[in-house]
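The sequence and structure are shown first.

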Amino acid sequence: CFMDGMMWIHNPRSFELASVLKDTGALHKISAAFCAPVEEGNLRLDLKLEPLGALGDLGWYCCAAVLFAANASERGPDNLEFLKVPVSA
């Protein structure tokens, strides 16, 4: 059976985390980062295949965790800002 990295959201611990987040008060800042080596020629860099590049693939896991936390708190931030930060070799 194949599963992608988003199966965590269905884990009972995620429901426990959502419950804790509801009791923490307002969230003022949530930060998440994902780093992975992506070499030239990797399909994640082909904007024809993935218009958002690596963010649309690998970066989705961080985005999903941030959205999960913001929604679970019921008092999440007023806005969400996702930054694409270039990494130099």
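## Model and confidence

The pLDDT is the predictor's confidence in each residue, on a scale from 0 to 100. Helices are DSSP runs of H or I with at least four residues, strands are runs of E with at least two, and both are numbered from the N terminus. The average for the protein is 75, and 71% of the residues score at least 70.

The model is predicted: local features need pLDDT of at least 70 and side-chain atom pairs pLDDT 80 or more, whereas totals for chains, interfaces and linings use all residues. Residues are numbered from 1 along each chain as its sequence is written, and side-chain values use heavy atoms, without hydrogens and water.

## Fold and surface

The protein contains three helices and zero strands, in the order α-α-α along the sequence. Of the contacts (heavy atoms within 4.5 Å) with a separation of 6 or more, 64% join residues 24 or more positions apart.

Of the 89 residues, 20% count as buried.

C62 belongs to helix α3 (residues 60–73). C62 counts as buried because its relative accessibility is 15%; buried means under 20% relative accessible area, exposed over 50%, and partly exposed in between (1.4 Å probe, protein chains only).

Leaving aside residues up to four places away in sequence, C62 touches A32, A33 and F34. The C-alpha atoms of C62 and A32 are separated by 5.6 Å, although these residues are 30 residues apart along the chain.
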